[in-house]
Amino acid sequence: MLPFLKVGFAVLVFAGVSGSQQPLAPSMTPPPQSAPPASRPGGPSVEGAMKIMDRALETLQWQIADVSKREDNLALVNEMERGCVIAKGAPLPPGVLDRAGGPEDRAKLQRAYYEGMFGMLKKLVALEEAIQSGDGAVIKASLQDVLTARDEGHKRFEPPEDAPFGFR
Ligand code: HEM
């Protein structure tokens with residue numbers, strides 16, 4: 001066989017074996033962005049994520065003015081941000097969603113909740129920056145901003161009467 005024919009044959013065989021005709025990543029279609037997160041057993045819950053934020057906040061409030069605790073305070077804000085990101089992606093509990101009417105209103109409520117948590121995340125990042133700056137007045141104002149947003153969020157989403165500890 002002529003040398004150039006040999007090479008051409010080898011290329012054809014290699015292409016067939018390596019499956020180069022197949023799409024590279026057929027399963028990488030992203031989920032639709034408009035869909036609210038589906039509730040699934042074992043998935044992230046609003047309750048669990050809020051508890052993460054609440055635990056960290058409890059300590060943070062006590063020692064926020066203590067400059068010797070700067071690293072510890074940054075770690076606590078980081079923990080709050082972690083809880084916040086989990087909460088932001090979690091489906092609202094059925095007890096809250098059921099207060100909305102049909103599927104459209106439920107999606108609207110879930111969207112409003114997402115926006116509230118997104119806003120909270122930005123405030124927590126601002127608090128982190130404030131702690132980094134070491135400016136006591138900025139830190140105090142930033143923490144107050146977080147507390148106000150928390151209270152507004154809870155007013156908006158009306159906790160049930162028997163809500164456990166910490167729901168202020
Ligand atoms: C510093 C920020 C926040 C803290 C520390 C916090 C803390 C808490 C706590 C302790 C609970 C009760 C959890 C339990 O069932 O044991 C809770 C529940 C909840 N929070 Fe927050 N929260 C914060 C911000 C927000 C914001 C901004 C929103 C709304 C955008 C929000 C919406 C809710 C909702 C919907 C529930 C569940 C209510 C229910 O189960 O009926 N929270 N939160």
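This is a predicted model: local features need pLDDT of at least 70, side-chain atom pairs count only at pLDDT 80 or more; totals for chains, interfaces and linings use all residues.
Visitor: Within what arc do the buried residues of α6 fall?

Guide: Ile-139, Ser-142, Leu-143 and Val-146 are buried in α6. They line one face of the helix, because, seen down its axis, they fall within an arc (of the directions from the helix axis to the C-beta atoms) of 100°.

Visitor: Which helix is included in what covers the buried residues of α6?

Guide: Contact here requires that the C-beta atoms of two residues, placed from the backbone, lie within 7 Å. The cover over the buried residues of α6 includes residues 103-133, which are helix α5.

Visitor: How far apart are the end C-alpha atoms of α2?

Guide: The expected span of a helix is 1.5 Å times one less than its number of residues. For the 18 residues of α2 (residues 46-63) that should be 26 Å. The end C-alpha atoms agree with this, being apart by 26 Å.

Visitor: Which helix is included in what covers the buried residues of α2?

Guide: The buried residues of α2 are Ala-49, Met-50, Met-53, Ala-56, Leu-57 and Leu-60. What covers them includes helix α3.

Visitor: How many helices does the protein chain have?

Guide: Helices (H or I, at least four residues) and strands (E, at least two) are DSSP runs, numbered from the N terminus. The elements run α-α-α-α-α-α from that end. With zero strands, the count of helices is six.

Visitor: In which helix is confidence lowest?

Guide: pLDDT is the predictor's confidence in each residue, from 0 to 100. The chain averages 81, and confidence is highest in helix α3 (residues 70-88), at 98. The lowest mean, 47 over residues 3-18, belongs to helix α1.

Visitor: How many contacts beyond four places in sequence does the model have for residues 8-20?

Guide: Over residues 163-168, pLDDT stays under 50 and the model has five such contacts. Over residues 8-20, pLDDT also stays under 50, and the number of these contacts is one.

Notes. Residues are numbered from 1 along each chain as its sequence is written. A residue is buried if 20 or more other C-beta atoms lie within 10 Å of its own, exposed if 12 or fewer, and partly exposed in between; C-beta atoms are placed from the backbone.
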